[in-house]
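Trainee: Hi, I'm new to this one. Can you walk me through it?

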Amino acid sequence: MNLVIFGPPGAGKGTQSKFIAKKFNLYQLSTGELLRNEIKNKTELGLKISSLINSGELVSDLIVSDLIEKFISNVTYKNRLIFDGYPRNLNQAENLENLLKKYDQKIDIVLKLSVSLDTIKKRILERQAQEKRADDNQEIAIKRYNTYEKSIEPVIDYYKQSKLLKVVDGETSIVKINGEISDLIEAI
Ligand code: AMP
């Protein structure tokens with residue numbers, strides 16, 4: 001099974017992905033985490049993308065596509081991927097479908113975590129205190145939220161049409177969301 005999870009920054013994608021990965025023996029492919037690792041390791045790519053990421057902008061589609069293809073093409077992860085943070089726009093959604101087809105795979109379920117901007121602001125501040133991410137401050141968080149809202153609308157329509165989309169209320173407790181997501185996955 002391959003799964004897509006998306007939601008605004010601070011929606012709990014990472015937390016829920018880790019839970020799903022453990023429970024269903026899947027692999028969490030977080031594009032944000034992969035990109036942050038490139039920055040941390042000061043790779044050539046990391047140096048190129050750090051100012052974009054730190055200002056809340058998206059990285060180019062081509063860069064992220066290359067990163068995810070490495071996992072999709074690897075048999076270790078075949079039909080075991082949680083796409084956490086990908087796709088972020090329509091081009092990426094179409095690209096993901098094509099890449100999966102290329103390696104004889106498909107998406108089985110798409111989870112959208114819905115959370116209000118007020119909650120996002122609160123959670124980002126909490127996370128900033130814990131993880132010290134350069135892009136986790138009020139101003140950049142609002143920028144990332146707006147970037148997300150603008151580019152994700154066509155992605156939502158895209159997955160609605162293919163009937164893969166399931167909307168989960170991301171405002172409730174972590175445990176409650178865990179339960180709801182488990183039920184949705186087990187019902188596939
Ligand atoms: P995230 O950890 O998902 O909140 O992502 C952190 C940052 O990484 C985003 O604000 C973007 O700059 C970049 N990023 C992550 N995923 C993507 C993607 N699919 N396309 C473009 N940029 C991305």
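Mentor: We'll look at one helix, then the ligand. This is a predicted model, where local features need pLDDT of at least 70, side-chain atom pairs count only at pLDDT 80 or more, and totals for chains, interfaces and linings use all residues. Residues are numbered from 1 along each chain as its sequence is written, and side-chain values use heavy atoms, with hydrogens and water left out.

Trainee: Okay, which residues of α8 are buried?

Mentor: In α8, I177, N178, I181, S182 and I185 are buried (under 20% relative accessible area, with a 1.4 Å probe and protein chains only; exposed is over 50%). Seen down the axis of α8, they fall within an arc of 135 degrees, so they line one face of the helix. The arc is taken from the directions from the helix axis to the C-beta atoms.

Trainee: And which exposed residues sit on the face turned away?

Mentor: That face of α8 carries K176 and D183.

Trainee: What do the buried residues of α8 pack against?

Mentor: They pack against β1 (3-6), α1 (13-24), β4 (109-114) and β5 (165-169), with contact meaning heavy atoms within 4.5 Å.

Trainee: Switching topic: how many residues surround the ligand?

Mentor: 17 residues do, and the closest are K13, T31, E57, G85 and Q92.

Conventions: Helices (H or I, at least four residues) and strands (E, at least two) are DSSP runs, numbered from the N terminus. A residue is near a molecule or strand if one of its heavy atoms lies within 4 Å of it.
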